[in-house]
Amino acid sequence: MPMDVERHERIATVGQALAHDSAALHVSGQARYTDDIPEPRDLLHVAVGMSTQAHARIRSMDLSRVAKAPGVVAVFTGSDIPGENNYGAMAQDDPILAEGVVEYAGQPLFAVAAGDVESARRAALLAEVDYEPLPAVLSIADAVKKDSSVLPTERLARGDATTACAEAGHTLHGHASLGGQDQFYLEGQIAMAVPGEAGEMQVYSSTQYPGEVQHKVAHAIGVEAKDVVVECRRMGGGFGGKETQPALIACIAAVVANHLGRPAKLRLDRDTDMIMTGKRHDFEIDYQTGFDSDGRIRGIEFALASRCGMSVDLSGPVNDRAMFHVDNAYYLRDVSVVSHRCKTHTVSNTAFRGFGGPQGMFAIEYAIDDIARELGKDPLDVRRVNYYGIGERDVTPYGQRVADNVIHKITDRLEQTAGYRKRRAGIAEFNRENRWFRRGIALTPVKFGISFTATHLNQAGALVHIYTDGTVRLNHGGTEMGQGLYIKVAQIVADELQVSLDNIRLSAADTSKVPNASATAASAGSDLNGKAAQAAARTLRLRLVRFASAHFGVDEQDVVFASNRVRVGEKTMSFADLVQLAYMGRVSLSATGFYRTPKIHYDRSTFSGRPFYYYAYGAAVSEVVIDVVTGEHRLLRVDILHDCGRSLNPAVDLGQIEGGFIQGYGWLTSEELWWNDEGQLKTHAPSTYKIPTCSDLPPDFRVEMLRDTENREASVHKSKAVGEPPLMLALSAFFAIRDAVAATGKPGCRPALQAPATPEAILAAIDSVQEDGS
């Protein structure tokens, strides 16, 4: 006899700390990435020949030795591209293969197709290229001096910052240098193109943006979007580096495959990947501020100059977001931000986790730290006095009201649980008693806007099938790069249909299933795709409800789904049985879902509006010790309290918080990009480019999510984005190091510490405060 569904609680999948859907596959080595897809017959392997010059005219390029090398099948230059020789995301300024002029060392010149990887790569080294060197702009300072830019300078302003600074009781000006960062994903850039019949092309790409790859490949080989299908089941990390860059790799593979009628694969090795592809923008920051005796900012002016590289790429929106985040968690009444988008003859910089937001936050935190040191106050007290208010002092420089402010609650709680005041007193005592070591501590906040600033990108689609045995197949436009998007969306669908997760099969992102999907970026993956999938699942559930109501003659409100079962009036049946009945009743068991983020609007011409649906908040306390002789440091303890709203999956979100912090810590302390005087990147391997390792983690690492606050907006299950915001928590580590350096100088000194805070940078900062005490 059927059991009453009311005796069964609803399946509680949303909010549960569940394992990543591919966790077992990851640790067992069975997860299939692009390079693991079984290789088709007659596959060709492709390698790329790169420029050795930063800026030069190509006088001649002799590829005869390349073509004659063992195993080589064909060689391709820009003239062999049948369509557009461009993969630029926002402008026609990124050639797939350079023609006539090269604009950075590492720019692709030609492609080699061979029967195996090694033959292709060896052959690519045999080219003889004659260059005519041209003047090269290699630094931000040089670009500013020469007015070299990829886009016009922009300005965001409110009030009269110049007058406010002049009339304030205290004034300061300062400068900071902030380095870039390589995404250093575990899986490098890769694409495999497989030609089909009648001009079709199937592309397997490690990409955050299958739709972008689809269009760029179509343009390159001279077909339309309908003729190209791009698929990505998973990436081995992306971090923004697989948003626009994969289009280059896929276009090269597709040009080869299209020309020769054979499958082609291009997989970059680590060195080539780092030399050829874009990174986080480095910045030079200048500020002038006026403030009162409490440290409250009365006016502040910023000049931000970023290295964009040789082309536009995503530098426009990256620098826009930097401008939007110079406030971080602080109310700036009179403010001016000037943003220079500098053209340099280096690789075009691109998206990276935070997308300009971290650089903007670094700028205001540096100024706040300087103000505190100038006044002899605890930097936390100066941060607090400048926080956005609740119900007052709550409008951003771009005109959006901060209506969901929880930064006071987070700071209050973290200050107590981390024992901040007591530890600061203990650190002062330690520093008085130790000659060769100094400790420092800092608490820094995060307020990060969630949405694409390009309003039209805030949309998503999903496709859900229910089969006659009651199982479900789920597809959406989001891509999985290890962040746990797929398991979260599956949890949402399982909750909506009230079926177990093991009844749901997740399928690869595929442009032939969900078209026109936005990039999985801006921390909006779960917000957008989760809502779209929820809409599709809800459509199917309501169809089943209507069918059951009509079939059994009961009210729709008497059809209840719970725990793989359905109550229909006085009857109960399994979900699968109802599905079978619906199929026999000729009810469609497939549905699409669509979602567009509400409320947002933005006028870029005035830098005003509501670009963000909501804000994510957090704060961190970091404590460090430095060796004043060697400049080395050690992260001793980290306390984090982060706002995830009503978390969809606390296990996944906890991993994102921890990983985001450590990645940000690497950016600010050890990951140094260095170009020589010829514009060649020399830190292009793990031997010279140092990402954090397990041994760099603090021995005392305490991470907690804010439990009693949900998203006040109608996000999916009242959750909040967690992909990017935690990275900025690592600002606390940098300013803890600066605090330790300040302890080597006179009271009130302002160390000239630059990021990344490598041992050399720390020693230089120590020297600066010991020489002049400022």
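Predicted model: local features only at pLDDT ≥ 70, side-chain atom pairs only at ≥ 80, totals over all residues.
The score is pLDDT, the predictor's confidence in each residue, from 0 to 100. Helices (H or I, at least four residues) and strands (E, at least two) are DSSP runs, numbered from the N terminus. Over the chain the mean pLDDT is 97, and 99% of the residues reach 70 or more.

Ground rules, for my own use. Residues are numbered from 1 along each chain as its sequence is written, and side-chain values use heavy atoms, without hydrogens and water. Local features need pLDDT of at least 70 and side-chain atom pairs count only at 80 or more, while totals for chains, interfaces and linings use all residues.

**Core**

I looked up which residues touch the most other members of the largest nonpolar core: they are Phe362 and Phe661, among 148 residues. Helix H15 (residues 525–552) gives this core its largest share, 10 residues. Such a core is a set of buried Ala, Val, Leu, Ile, Met, Phe, Trp, Tyr and Cys residues joined through side-chain atoms within 4.5 Å. Buried means under 20% relative accessible area, exposed over 50%, and partly exposed in between (1.4 Å probe, protein chains only). A second, separate core has 40 residues, including Met201 and Val256.

I then listed the contacts (heavy atoms within 4.5 Å) of phenylalanine 362. Beyond four places in sequence, its partners include Ala176, Leu668, Phe734 and Ala755.

**Rings**

I counted 19 aromatic pairs. Rings of Phe, Tyr and Trp (its six-membered ring) pair if their centres lie within 6.5 Å; planes under 30 degrees apart are stacked, over 60 edge-to-face, and the rest tilted. Phenylalanine 324 and tyrosine 602 have ring centres 5.4 Å apart and planes at 75°, so this pair is edge-to-face. Phenylalanine 324 is in helix H9 (residues 315–324) and tyrosine 602 in strand E25 (residues 601–603), so the pair ties together parts 278 residues apart in sequence. Phenylalanine 324 is buried at 0% relative accessible area, and tyrosine 602 is buried at 18%.

Asparagine 405 lies in the loop between helix H11 (379–386) and helix H12 (407–417), and is buried at 12%. I checked its polar contacts (N or O pairs within 3.5 Å; within protein, one atom must be able to donate a hydrogen and the other to accept it, and residues adjacent in sequence count only if both atoms are side-chain atoms). The side chain of asparagine 405 reaches the backbone oxygen of tyrosine 388 at 3.0 Å. A polar atom of that side chain also lies 2.9 Å from the backbone nitrogen of isoleucine 407.

Isoleucine 407 came up again with alanine 329: their C-alpha atoms are 7.5 Å apart, across 78 residues of chain. Alanine 329 is in the loop between H9 and strand E15 (335–343), and is buried at 2%. Among its contacts beyond four places in sequence are Tyr388 and Ile407.

**Backbone**

Most residues other than glycine have a negative phi, and most peptide bonds are trans. I noted some exceptions. The bond from alanine 755 to proline 756 is cis, with omega near 5°; proline 756 sits in the loop between H18 and H19. Alanine 198 has a positive phi near 55° and is exposed at 81%. Phenylalanine 239 has a positive phi of about 60° and is partly exposed at 27%.
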